[in-house]
Amino acid sequence: MSKVVTDIEELRRAFRSNADHAIDAVYKEYRKAFINFAKSYNLPDDEVIDVFQETVIALYQNLQNDRVEKRQSSVKTYLFAIGKYKLINASKKQQRKTEQNGMETIENKESSTMHLNLQQSLRKLGDSCREILTLYYYRQYSIDAIMHTLSLKNENTVKAAKSRCLKKLKEIIKNTSNVG
Amino acid sequence: MSDRDREIVDLYFRNALTEQADVEYFNARMEDVDFKQMVEEETAIIEALGNHDAAQMKKRLQKLESNISKKPNIRIIVAVLLLAALLAFLVQFLLSEHTTPLQSEEVYAQFYTTYPNIIDPLTKGASDAPSIFQLFEQRDFQLVIDAWSEKENRTDAESFYLAMAYLEIGKYVLAEPILGSIQEGQFMDDAAWYGVLVCIRLERGDCLQRLEAIAEAEGSVYGGKALDIMNFISN
């Protein structure tokens, strides 16, 4: 059984060494407590699990982008603070859903079409290009770090690959939008 | 789009604009339509990259959740097993009329006594009977069984002593129907008494009612003993 990580600094270290493993451990450790914590929000069980997953993803993204506040010390406190906010939102959404009876605005439709095009384009891009772009733009890795992570020859190879992949993605987006 | 523009946009997305680059970025954003469009386009791409990354993580967590949900909860299994054991114990307890296997043996041993040969040689009836009753008295129980177990039209006396012979060698199951068949005559009360002892020994379900019937039967010499058993069990 793996050691329970309760301290944010400890989690940061575990995350840097193996992000997936660290997130899995957090998920398993705090799942039950979160379900109990969510009981007062009167959400269906599957909705609570969904909120918990979104909470863990938010933690994952914050760790990735180094956005976890330094003053935070307990993983549980931090996780549940995010979770509480998400539970309140889910609760309001649930209420609206029953009130509006699933009506979708035109604005939402447009935004979701654009979102869909981008997602489709990213899928078409291919794993290696997507990984370079994710590491560079989203996770903000340095060129040197990408070179080591992806075992590329030198920094120029990374820069060239990044430019080529971005160009390729833009072309795919353009084609996808035209087809759509 | 110049290489410098590309560099500035990259610095912007990485929050690494210098003071000089910040001014360049601001001017280009205000004056150059293509530059502005590129920034907006790439902002959306970065957001999509983040969403894609989050979607991958979501898939991982859903898979993890499904594994957790499938995995039987060890605490529930232990609770179910304990409940089943408790239920089995209760059923056993009720079926055995408040006696446990250990108690049933104990009660039987406490109250069972070898029945004496009370048959008067002059009233034994059948010509071979005297010698077989004699065998019972001599504790040759297997010979008694050999002589009477296959015999048709046994007298109640023969049946009763055959059952007693079975009890002496511990064959309670064979004794049980024979004792149950004696519903009248001289050995009726004896058969009822030994029948209830067999009932307890074999942990049958209706022993308590039968004991109560014996205790309440007028004139039965076993009434006191039946009460003693009931006290013994309740203690």
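In this predicted model, 21 residues of chain B are in contact with 21 residues of chain A. On the chain B side, helix α3(B) supplies the largest share, 19 residues. By class, the residues on that side of chain B comprise eleven nonpolar, four polar and six charged.

**The two chains**

Chain A has eight helices and zero strands, and its order along the sequence reads α-α-α-α-α-α-α-α. Chain B has twelve helices and zero strands.

| Property | Chain | Value |
|---|---|---|
| Buried residues | A | 27% of 180 residues |
| Buried residues | B | 23% of 235 residues |
| Share of contacts with a separation of 6 or more that join residues at least 24 apart | A | 65% |
| Share of contacts with a separation of 6 or more that join residues 24 or more positions apart | B | 45% |

**Nonpolar cores**

The largest nonpolar core contains 38 residues, and B:Val144, B:Tyr161, B:Leu162, B:Ala163, B:Ala165 and B:Val196 touch the most other members. Seven stretches of chain B each give two or more residues to this core: α6 (129–137), α7 (141–148), α8 (156–168), α9 (172–181), α10 (188–201), α11 (207–216) and α12 (223–234). A second, separate core has 26 residues, including A:Ile8, A:Phe15, A:Phe34 and A:Leu87.

Within the largest core, B:Val196 is one of the members that touch the most others. Apart from its neighbours within four places in sequence, B:Val196 is in contact with B:Cys207, B:Arg210, B:Leu211 and B:Ile214.

**Packing of α10(B) and α11(B)**

The crossing of α10(B) past α11(B) is left-handed.

**Packing of α1(B) and α3(B)**

Helix α3(B), which supplies the largest share of the chain B side that touches chain A, also packs within its own chain. Helix α1 (residues 3–13) and helix α3 (residues 33–70) of chain B meet at an angle of about 40°, and their axes are 11 Å apart. The two helices are therefore oblique to each other. The crossing of α1(B) past α3(B) is right-handed. On the α1(B) side the contact is made by B:Asp5, B:Val9 and B:Phe13, and on the α3(B) side by B:Phe35, B:Met38, B:Val39, B:Glu42 and B:Ile46. By class, this contact has six nonpolar, no polar and two charged residues.

**Loop residues**

A:Asn42 has a positive phi of about 55° although it is not a glycine. A:Asn42 lies in the loop between α2 (19–37) and α3 (45–64) of chain A. A residue with 12 or fewer other C-beta atoms within 10 Å is exposed; A:Asn42 has 10 and so is exposed. B:Asn15, also not a glycine, has a positive phi of about 50°. B:Asn15 is in the loop between α1 and α2 (19–31) of chain B, and B:Asn15 counts as exposed because it has 7 C-beta neighbours inside 10 Å.

B:Glu184 is in the loop between α9 and α10. With 8 C-beta neighbours inside 10 Å, B:Glu184 counts as exposed.

B:Ala217 sits in the loop between α11 and α12 of chain B. B:Ala217 has 15 C-beta neighbours inside 10 Å and therefore counts as partly exposed.

Key
Residues numbered from 1 in each chain as written. Chains lettered and ligands numbered in written order. Predicted model: local features only at pLDDT ≥ 70, side-chain atom pairs only at ≥ 80, totals over all residues. Helix = DSSP H or I, 4+ residues; strand = E, 2+ residues; numbered from the N terminus. Buried ≥ 20, exposed ≤ 12 C-beta atoms within 10 Å, placed from the backbone. Contact = placed C-beta atoms within 7 Å. Core = buried A, V, L, I, M, F, W, Y, C linked by C-beta atoms within 7 Å. Axes fitted to C-alpha atoms, helices over the stretch in contact; angles between N-to-C directions. Parallel < 35°, antiparallel > 145°, perpendicular 65-115°, else oblique. Left-handed = near helix turned anticlockwise from the far one by under 90°. Nonpolar A, V, L, I, M, F, W, Y, C, P; charged D, E, K, R; others polar.
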